[in-house]
Amino acid sequence: MLQLLVGTKFGFMARRRYAYMFSGVCVLITIISLIAHGGPRLSIDFTGGTLMQLKFSQPVRIDRVRQAVDAAGYRGSEIQEIGDSGEILIRLQNPETGKDPFPVIKSSFASFFPGVQVDLRREEAVGPKVGKELRGKAILAIFWSLLGILIYVSIRYEFRFALGAVISLFHDVFIALGAVSVANKEVSLTVVAALLTLAGFSINDTIVVFDRIRERGRALRKEGLQKVFDTSVNETLSRTVITTFTVFLTVIALYLFGGEVIHDFSYVMLVGVVFGTYSSVYVASALSLDIALVRQKKLRK
């Protein structure tokens with residue numbers, strides 16, 4: 001079995017105060033970005049509307065495309081180029097129910113771009129009511145998954161571990177959401193799926209570290225708590241590095257070569273893999289250690 005970083009004695013816990021400051025800065029950047037953007041930028045999955053992906057037979061100017069869409073009666077629509085291949089995404093907010101907007105927009109394009117062929121590659125429509133229901137279900141999915149993890153870790157370990165694990169998950173999901181906001185990407189069902197996948201990845205790594213802390217806590221009863229945590233993290237370091245590296249290679253391959261459909265998913269996972277690994281040591285374990293130290297101090301009084 002491949003082993004890396006065997007026999008290390010890094011003092012992870014001694015630096016946890018710096019890690020708290022780093023996490024605080026990341027959370028602050030996330031809050032500033034969300035405020036600057038007026039909250040998460042929700043996709044038509046949650047707001048309702050129509051998404052069209054169009055392919056032009058030759059490159060066209062984006063400002064002329066916007067004029068053509070406005071002339072078709074769909075003012076305020078979001079228009080985005082996909083690379084330099086002549087493909088464009090158009091998001092129409094709440095068009096008239098039951099009316100396909102493509103024929104009208106295509107007719108407008110014929111006036112603005114004579115001789116240029118326009119093909120409809122993809123069209124998705126979601127009603128406002130369905131979007132609202134999906135938004136509520138997405139929030140509940142994240143809430144119940146985190147509550148389930150809190151109960152599971154509380155039963156399997158101690159409440160201080162559960163508290164550290166759940167704060168760590170909130171930390172990872174919130175920073176990943178911040179990365180989406182900073183990149184000005186939309187929060188779609190795909191992004192929600194990525195956030196839930198990230199929570200699963202993060203708790204898996206955290207559980208491995210917690211298992212080792214529990215084992216070493218029995219064997220090293222005479223040692224201090226910080227020594228127990230450092231020993232446990234060092235003993236799981238090889239597994240953590242190998243697992244994270246292989247997952248990272250897979251996700252970056254999806255990000256680079258997976259195409260537009262899973263681009264946002266792989267982007268969230270890229271951020272999540274890095275912060276999920278970091279938080280298993282410097283958020284979940286470090287917070288559990290500090291909670292235990294505070295309790296130990298109270299018992300001595």
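The model is a predicted one, in which local features need pLDDT of at least 70 and side-chain atom pairs count only at pLDDT 80 or more, while totals for chains, interfaces and linings use all residues. Residues are numbered from 1 along each chain as its sequence is written, and side-chain values use heavy atoms, with hydrogens and water left out.

Helix α6 is also largely enclosed by the rest of the structure, because 18 of its 24 residues are buried. Buried means under 20% relative accessible area, exposed over 50%, and partly exposed in between (1.4 Å probe, protein chains only). Just after α6 comes N184, in the loop between α6 and α7. Most residues other than glycine have a negative phi. N184 is not a glycine, yet its phi is positive, at about 60 degrees. With a relative accessible area of 41%, N184 is partly exposed.

We can turn next to the nonpolar cores. A nonpolar core is a set of buried Ala, Val, Leu, Ile, Met, Phe, Trp, Tyr and Cys residues joined through side-chain atoms within 4.5 Å. The largest holds 53 residues, of which M13, V153, F210 and V268 touch the most other members. Two or more residues come from each of α1 (16-36), α5, α6, α7, α8 (225-235), α9 (237-257) and α10, and α10 gives the largest share, 14 residues. Apart from this core lies another, of 19 residues, including M52, V65, I90 and V118.

Not counting residues up to four places away in sequence, V268 touches A176, V180, V191, A194 and L195. Helix α10 holds S288, which is buried with a relative accessible area of 0%. Leaving aside neighbours within four places in sequence, S288 is in contact with R160, F161, G164, F210 and F229. L287 also lies in α10; with residues up to four places away again not counted, L287 touches Y20, G164 and I167. In helix α8, the buried residues are V228, F229, D230, T231, S232, V233 and N234, and their cover includes α6, α7, α9 and α10.

What empty space is left inside? Rolling a probe the size of a water molecule over the atoms shows where such space is found. On a 1 Å grid over the protein atoms alone, a cavity is a set of points where a 1.4 Å probe fits but cannot get out, whereas a pocket is an open set with protein on both sides within 12 Å along at least five of seven lines; lining residues have an atom within 4 Å of a point. Grid points are joined across faces, edges and corners, and a volume is the space filled by probe spheres set on the points.

The structure holds one cavity of 30 Å³ or more. The largest cavity is lined by I142, S145, L146, V173, L195, L196 and A199, and the elements giving two or more of these residues are α5 (128-156) and α7 (189-219). Six of the lining residues are nonpolar, one is polar and none is charged. For this count, Ala, Val, Leu, Ile, Met, Phe, Trp, Tyr, Cys and Pro are nonpolar, Asp, Glu, Lys and Arg are charged, and the others, Gly among them, are polar. A199, found in helix α7, counts as buried at 6% relative accessibility.

The largest pocket contains about 520 Å³ of space. Its lining has 20 residues, and those closest to its centre are L51, R91, E186, S188 and D264. Elements giving two or more residues to this lining are α2 (44-47), β3 (87-92), β4 (118-126), α7 and α10 (263-300). The lining divides into five nonpolar, six polar and nine charged residues.

Technical notes
Helix = DSSP H or I, 4+ residues; strand = E, 2+ residues; numbered from the N terminus. Contact = heavy atoms within 4.5 Å.
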